[in-house]
Amino acid sequence: MISSIVFVVLLGAASWLFGRNILRIRRNILLGRDVAINDRKSERWAVMTRVALGQSKMMVRPIVGVLHIIVYAGFVIINIEVLEILIDGILGTHRVLSFMGGFYDFLIGSFECLALGVLLACVVFLIRREGLRVKRFWMKEMTGWPRSDASIILFTEIALMMAFLLMNAADFALQGMGQDHYITAGAFPISSVLAGLFDFHAIQPSSLILIERICWWFHIIGILAFLNYLVVSKHLHILLAFPNVWYSSLKPKTELANMERVTGEVKSMLDPAIAPPVASARKVEGVEMPERFGAKDVFDLNWKQLMDAMTCTECGRCSSVCPANLTGKLLSPRKIMMDTRDRLEEVGKVIDAKGKWEDDGKGLGSRITDEELWACTTCNACTEACPVNIDPVGIITDMRRYLVMEESKMPGSLTTMSTNMENNGAPWAFAQSDRLKWTE
Ligand code: SF4
Ligand code: SF4
């Protein structure tokens, strides 16, 4: 009875905290400008099924891809078993779903095989990160929290899987001893080996019950803690990858989005019958936000770009194919996404603390330098490589547009080119009248 009450209190607190953080993340994402993305729905479902569910882009590197699929499948499928833990925890029962008979045995046996797969995959991932030091995990932006975040989650998954298997091993031994409460149910292909390895059959039943209970509580508390850790870590992609891929652009990758306001201006210049667009402001968290050309802060990006930032898994596949990064430039598309996310969270914290947005004098530019922005060739290799269809290029070009159109800031070479375009109708420093001189 007491354990059921403790369980319900823990479950309630963890669910409340998780819900509160999810609502906060949603609020932050919606700080972005509105953009309508709901066309070609059947294509979107197909892309989501292929890229998010089928993890097609992960398979570009097949060994890692398969290991990632095992971890992902483990996360989804083993959590079906959490349903039983929840019912048992609330009602004080044990293996409540065992009435399913043979199918239950099949489920528990499969969960065990998957748990072993997840455990081994996480060990391999840890070795790659910490032992082999794969370059993209050791780039400049991957110091401090981002690096420990990945390791924390891998260690947690290993610990959770160990607890699950040990819990079953103790249960298996207790079932063999005919202990009350431990009904004969389930198949234990992995944990039965563990039980033999640790000689569980020679241990006193009371000690075995203690081991089983400790593992059971560790497993469920670990899962509830993991749930709340997700929302403050890069592992949020487990939840956001699906909507993020669904809403991703279906246009050709090299097609840059036009600025509606500028398009409107050009149309009205070409056709006097079309009225020039009027600058519009919008209210965000109690504050009037002026319409800007390009992006100075997160408010100037659209909600999809902010969702991209929150979905980034920090895998670095984008940076590992970025020609600017590969040739030693400062730009790393992963860092662009991490900086955008960090700025968004910073803004969210101000809103939480003050109840409304108060300008803190910072912006995206306080994290992302002009040098990084101008190093981008807009080749879109990063967007192509991203396993969750994130588009760093849109943010980079929007920030550049702000620099050019609102701050009149651009590298000297580009200023010369723009002046030539204006004066000569071409990027070169020759008058139009001299163009054919080379033929003489
Ligand atoms: S589009 Fe820019 S950021 Fe992306 S890979 Fe190309 S150069 Fe790098
Ligand atoms: S933008 Fe995509 S490819 Fe780049 S680090 Fe994030 S998830 Fe990985």
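Residues are numbered from 1 along each chain as its sequence is written, and chains are lettered from A and ligands numbered from 1 in the order in which they are written. Because the model is predicted, local features need pLDDT of at least 70 and side-chain atom pairs count only at pLDDT 80 or more, while totals for chains, interfaces and linings use all residues.

**Stop 1: ligand 2**

Select ligand 2 and the 15 residues around it; Cys312, Cys315, Cys318, Arg334 and Cys386 come nearest. A residue is near a molecule if its C-beta atom, placed from the backbone, lies within 6 Å of it. Two elements give two or more residues to this shell: helix 11 (317–321) and helix 13 (333–354). Helices here are DSSP runs (H or I, at least four residues), numbered from the N terminus. Helix 13 gives the most, with three residues. Colour the shell around ligand 2 by class to find ten nonpolar, two polar and three charged residues. Ala, Val, Leu, Ile, Met, Phe, Trp, Tyr, Cys and Pro count as nonpolar, Asp, Glu, Lys and Arg as charged, and the others, Gly among them, as polar.

**Stop 2: helix 13 and helix 16**

Axes are lines fitted to C-alpha atoms over the stretch in contact, and angles run from 0 to 180 degrees between N-to-C directions. Pro333, Ile336, Met337 and Thr340 of helix 13 make the contact with Pro392, Ile395 and Ile396 of helix 16. Contact requires C-beta atoms, placed from the backbone, within 7 Å.

**Stop 3: ligand 1**

Move to ligand 1, where 14 residues lie around the ligand and Cys322, Cys376, Cys379, Ala381 and Cys382 come nearest. Helix 12 (323–326), helix 15 (381–385) and helix 16 (392–405) each give two or more residues to this shell. The shell around ligand 1 has eleven nonpolar, three polar and no charged residues.

**Stop 4: helix 5 and helix 7**

Last, select residues 145–176 (helix 5) and 205–230 (helix 7), which pack at an angle of about 150° with axes 8 Å apart. The two helices are therefore roughly antiparallel (over 145 degrees) to each other. Their contact has 18 nonpolar, three polar and two charged residues. Among the residues that meet are Phe164 and Asp171 in helix 5 and Glu212 and Trp216 in helix 7.

Terms used:
Parallel < 35°, antiparallel > 145°, perpendicular 65-115°, else oblique. Contact = placed C-beta atoms within 7 Å.
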